[in-house]
Amino acid sequence: MNEIEKRIRQWIRPEVQAINAYHVPSSEGLIKLDAMENPYTWPEAMRDEWAALIRETDVNRYPDPQAAILTQALRDAMEIPGDAGVLLGNGSDEIIQMLALALGGEQRVILSVEPSFVMYRMIAEFSGLRYVGVPLDASDFSLQPEVLLAEIAQHQPAVVYLAYPNNPTGNLFDDDVIEKVIAAAPGLVVIDEAYSPFTDATFMQRIGDYDNLVVMRTVSKMGLAGLRLGLLAGPAAWIEQIDKTRLPYNINRLTQVSASFALKHKQLFDEQTKALRLARETLLTELESIPALTAFPSDANFILVRLEQGDASEVFDAIRAQGVLIKNLSNSHPLLANCLRVTVGTQEENAAFLAALRRAYQS
Ligand SMILES: *Cc1c(COP(=O)(O)O)cnc(C)c1O
């Protein structure tokens, strides 16, 4: 072991050393159906209008630390109750980190269900918190109320995360069970509505009905993943405390200007996400017609499939070799054995994926 490695071993926190860095595979030259991005770009006229705005934006000055204009645009666009507090993050990932800072501490527990969004676990671990993952039902990925409530009673988590709809399974959890979780949780319950553009279900209007409910959203999945912008809405007193852990100026000036501009064209994004919802149903029907696999219904912009025949890693490689990148989840969790996840793209992209999948089975 050389000197650098020795010092690293001594000083980098053991829980950080133990983490496998989040790996983003190269997608160069591939049809990209791996990361739940919106496949549509902007019309020329809108690009020109945006470019003119950016041209007038001075970046020698710090951005507005409260991002007041953008926050109001988000309040309107996402129908956030007027008396709720709102804080913004550099993606909702940063908000998960703020929550770890604000509610963390030795022996504190972050709890979520599994399989779900990997950042809940990762950020808890590298923040030195304990993470508890409660398994979902093995057949349909629903919440298991008895197990979940027992784990909450035992571990007294500071934060409970529920992705609604859930990633990577695509389903919405039962409202009644979520309400029981909120009632039973001693700390904060975060309903992560990253996929809200693709479902009508939401807890946004229930903010204030409970002491401990907050709702997290992002603009990533609606079509602004490149801007990095998420938000947390909830009772103002909670948001005020959590906001103390936010780094000043975390939403840069280009993001503030660009997202405020984009939200003025919300209708365009609504049309795009509506098209994706329709494409999702077509893709699901096509997948269901392939006997070798099980496709799970989805309220998000992706579909989880389990291969009943063949090996998911081999099929994944064969699909990529034909120019389509999806996500191989088969080694990520026992309940996802032999599972792949495909993001809903344009009709052409989905057709290319289906053709590649069918061919992968024939070879
Ligand atoms: C994609 C995703 C996020 C991350 O959103 P960003 O705002 O891009 O950081 C959060 N939660 C879930 C469940 C997601 O799938």
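## An antiparallel sheet and its helix

Strand β10 (residues 302–307) pairs with strand β13 (residues 339–343) in the antiparallel sense, over 5 bridges. Two strands count as paired if DSSP finds at least two bridges between them. Strands (E, at least two residues) and helices (H or I, at least four) are DSSP runs, numbered from the N terminus. F302 has T343 in β13 as its bridge partner.

This is a predicted model, in which local features need pLDDT of at least 70 and side-chain atom pairs count only at pLDDT 80 or more, while totals for chains, interfaces and linings use all residues. Residues are numbered from 1 along each chain as its sequence is written, and side-chain values use heavy atoms, with hydrogens and water left out.

The pair β10 and β13 belongs to an open sheet of 4 strands in the order β9-β10-β13-β12, with antiparallel pairing. β9 (293–295) and β12 (327–328) stand at the edges with a single partner strand each, so one side of each has no neighbour in the sheet. Helix α12 (residues 266–288) lies across β9, β10 and β13 and runs at about 10° to β10. Axes here are lines fitted to C-alpha atoms, for helices over the stretch in contact, and angles run from 0 to 180 degrees between N-to-C directions. Contact means heavy atoms within 4.5 Å.

## A buried strand

Strand β7 (residues 213–218) has 6 of its 6 residues buried, so it is largely enclosed by the rest of the structure. Buried means under 20% relative accessible area, exposed over 50%, and partly exposed in between (1.4 Å probe, protein chains only). From β7, L213, V215 and R217 point one way, while V214, M216 and T218 point the other way.

Strand β6 (residues 188–192) runs parallel to β7, and 4 bridges join them. Here D192 stands opposite M216. Strand β8 (residues 230–235) runs antiparallel to β7 and is also joined to it by 4 bridges. In this pair R217 stands opposite L231.

## Helix α6

Helix α6 (residues 118–126) has M119, Y120, M122, I123 and A124 as its buried residues. These pack against α5 (92–103), β3 (109–114), β4 (130–135), β5 and β6. Just after α6, G128 takes a positive phi of about 75°.

## Backbone exceptions

Most residues other than glycine have a negative phi, and most peptide bonds are trans. M36 is not a glycine, yet has a positive phi of about 60°. M36 lies in the loop between β1 (31–32) and α3 (44–55) and is buried, at 4% relative accessible area. Q156, also not a glycine, has a positive phi of about 45°. Q156 is in the loop between α7 (145–155) and β5, and is partly exposed at 47% relative accessibility.

## Salt bridges

A salt bridge is a side-chain nitrogen of Lys or Arg within 4 Å of a carboxyl oxygen of Asp or Glu. The count comes to 17 salt bridges. One of them joins K32 and D34 (2.9 Å, N to O). K32 is partly exposed at 31%, whereas D34 is buried at 9%. K32, D34 and E37 are linked in a network of salt bridges.

R320 forms a salt bridge with D317, with the closest N and O atoms 3.4 Å apart. The two residues are 3 apart in helix α13, which means that about one helical turn separates R320 and D317. An α-helix has 3.6 residues a turn, so residues three or four places apart point the same way. R320 is partly exposed at 36% relative accessibility, and D317 is partly exposed at 39%.

Q322 is in the loop between α13 (312–321) and β11 (324–325) and is partly exposed, with 29% relative accessibility. Q322 and L357 are 35 residues apart in sequence but 9.2 Å apart in space, C-alpha to C-alpha. Leaving aside neighbours within four places in sequence, Q322 is in contact with A355, A356, R359 and A360.
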